[in-house]
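Trainee: I am new to this structure and would like to go through it slowly, one question at a time. Could we look at it together?

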Amino acid sequence: MKKIITFILAFCFFALSLASCDYDIYVAEEITSKATNTSATRGTSSVTVPSSGTSADTKHTVTTHTATIPTMVGTTSMPPIYTPGITTIPNITTMPDIVTTPTLDVWHNPTPPDGARAGYEDVDFAGYTFTFASPLDNADGWGDYEVYAEENGEGILDSAISERNTYLFEYYDAFIEVIDINSGVLENDFATGSNNVDIVLDRYNIQAKTAENYLNFHDIGLKLENPCWDQNFIKDMTVNGKLYAMLGSFSLTAFDATWVMFFNKEVQESNEQLRDVNFYNLVYNNEWTLDKFFELSKLARRDDGNGEMEIGTDIFGFISDTNSIRGLYFGAGQSYVTSTTYANGYTMFESAFTEAAENATSKIIDIYAHESTAIASRSICEAQTRRNGALFNADVLRQLSYYAGKQGENPEPASVGVLPFPKLSPEQADYKHYVDNRAIYMYIPKNCFDIERMRNFLELYAYHSFFTVYNSYFNLYKYTYTVDTESPEMIDIIIQSRSFDLAYQYNLAAADVKYTDGVISQKNIISEYGSDLSREIVTAANAYRESLPD
């Protein structure tokens with residue numbers, strides 16, 4: 001059964017500055033909502049929902065409540081994480097020669113309107129309930145928490161999610177509910193042409209969600225140039241003007257799943273050869289390279305005297321699981337396939353296995369083969385880092401909340417700093433980072449009955465997420481979970497430099513498995529049979545492109 005999870009919470013006056021990147025954390029005042037309170041049960045959880053009576057679509061009949069948002073104090077600065085500019089992805093329908101970005105004054109307004117979004121004041125969803133089908137089981141630790149917040153949730157993100165949902169109700173009379181994606185409702189919609197599910201959130205295997213059942217985001221009429229939509233994702237994942245998945249300011253799991261490099265400050269301080277090295281200056285000066293990373297990792301290695309490097313007793317330079325192999329490869333500015341989209345919308349794929357890719361792979365093999373490196377499960381990596389048994393640990397950004405003692409079974413914070421993945425060389429233009437495919441992507445079912453209603457909702461959902469959920473998330477990770485003043489700047493660099501490799505995200509020609517296995521077995525597959533593998537990848541990418549509708 002569907003469970004409504006929209007929350008009435010107090011809204012507040014808060015100041016954001018996207019131009020200067022400064023904003024004041026808001027202090028909420030208690031307000032009275034439209035009605036009183038009731039609860040609905042989802043599994044073993046109780047979820048409180050707002051309502052103005054009976055909804056127009058008869059999906060619910062509940063009442064509302066009075067609540068306050070937990071007080072947060074302090075002044076912080078936020079990065080311009082999505083930087084809009086000239087888009088290189090043309091509208092395949094109109095095929096313009098040049099596509100420019102319209103003025104985005106609203107995103108640079110230091111005080112966003114505390115009412116309805118400008119230009120959307122007359123939008124009224126008339127009590128319609130927007131139903132999300134999402135992975136709620138959390139079986140692999142990556143269940144959805146982006147859309148709803150549990151009743152009585154005390155966390156800052158819970159408050160931000162509830163605040164966003166409250167805005168959608170208060171200003172536009174929209175309700176939100178979440179059902180499990182495995183409930184069978186979505187499959188029944190596809191089989192019968194029904195529209196019980198409005199929005200799908202799912203992880204893994206984006207390629208399976210195509211035109212047969214889902215809408216092209218470029219055809220919905222969204223203002224995709226605005227920064228509440230992930231510009232790098234749109235650029236990297238659009239093929240022939242088609243994009244069936246989306247990330248944006250609401251995509252908390254995509255931020256969670258961004259791979260970063262942690263370093264243990266206590267290990268550094270206890271090592272005479274490392275304590276005077278300023279890791280952050282290496283980043284600022286473009287000296288943070290694979291060679292420098294390997295050099296420092298070898299200096300950190302300490303054997304307890306038995307002649308064998310062992311987890312639990314010795315100090316390693318670098319510890320991670322095998323997912324960091326692609327992190328180092330992508331971080332070195334490399335990819336499995338490259339693409340170019342022309343002004344007419346046509347996307348052409350080419351081999352990415354260049355001399356630079358071969359060189360990067362050789363360096364990565366050397367790093368993983370060295371005794372200063374340990375490959376282990378993520379839980380062992382965390383334990384080893386906590387006991388000051390490793391200098392570097394590569395993991396997803398979400399791990400920072402565990403090191404801060406805010407998640408997991410260990411409440412004690414660990415003294416770690418945050419770094420981007422190293423470049424191949426100082427000449428590499430930008431740092432690069434990848435998003436693990438555990439991230440939850442958004443899809444819109446093709447049998448959507450009302451495109452205009454969906455377009456308005458998506459615009460407003462992303463817009464209000466930008467000023468609530470997005471800001472609260474980075475406030476936590478930049479200013480609550482970090483232990484120094486430089487790590488927040490590193491997080492800015494990391495989030496701004498995320499890229500999305502089509503062959504990895506779509507699992508083309510099993511390229512990622514083959515590359516990772518090659519590094520583990522100390523084989524440089526790019527030098528040994530890169531031309532054959534590259535041909536397989538490009539062929540698979542071309543086949544995907546040709547499968548797309550005109």
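Mentor: Let us begin with a term: two strands pair if DSSP finds at least two bridges between them. Please keep in mind that the model is predicted.

Trainee: Which residue takes a positive phi in the hairpin of β14 and β15?

Mentor: The hairpin has 5 residues between its strands, and one of the residues in the hairpin has a phi near 95°. That residue is Gly345.

Trainee: Is Arg326 buried or exposed?

Mentor: Arg326 has its place in helix α8, and 9 of the 9 residues of that helix, residues 323-331, are buried, so α8 is largely enclosed by the rest of the structure. Leaving aside neighbours within four places in sequence, Arg326 is in contact with residues including Tyr336, Asp436 and Asp512. Because the cut-off for burial is under 20% relative accessible area, the 7% relative accessibility of Arg326 makes this residue count as buried.

Trainee: What is the phi of Asp173, which is not a glycine?

Mentor: Most residues other than glycine have a negative phi. Asp173, which lies in the loop between α1 (156-172) and β10 (175-180), counts as buried at 17% relative accessibility. Although Asp173 is not a glycine, its phi is positive, about 55°.

Note on methods
Residues are numbered from 1 along each chain as its sequence is written. This is a predicted model: local features need pLDDT of at least 70, side-chain atom pairs count only at pLDDT 80 or more; totals for chains, interfaces and linings use all residues. Side-chain values use heavy atoms; hydrogens and water are left out. Helices (H or I, at least four residues) and strands (E, at least two) are DSSP runs, numbered from the N terminus. Buried means under 20% relative accessible area, exposed over 50%, partly exposed in between (1.4 Å probe, protein chains only). Contact means heavy atoms within 4.5 Å.
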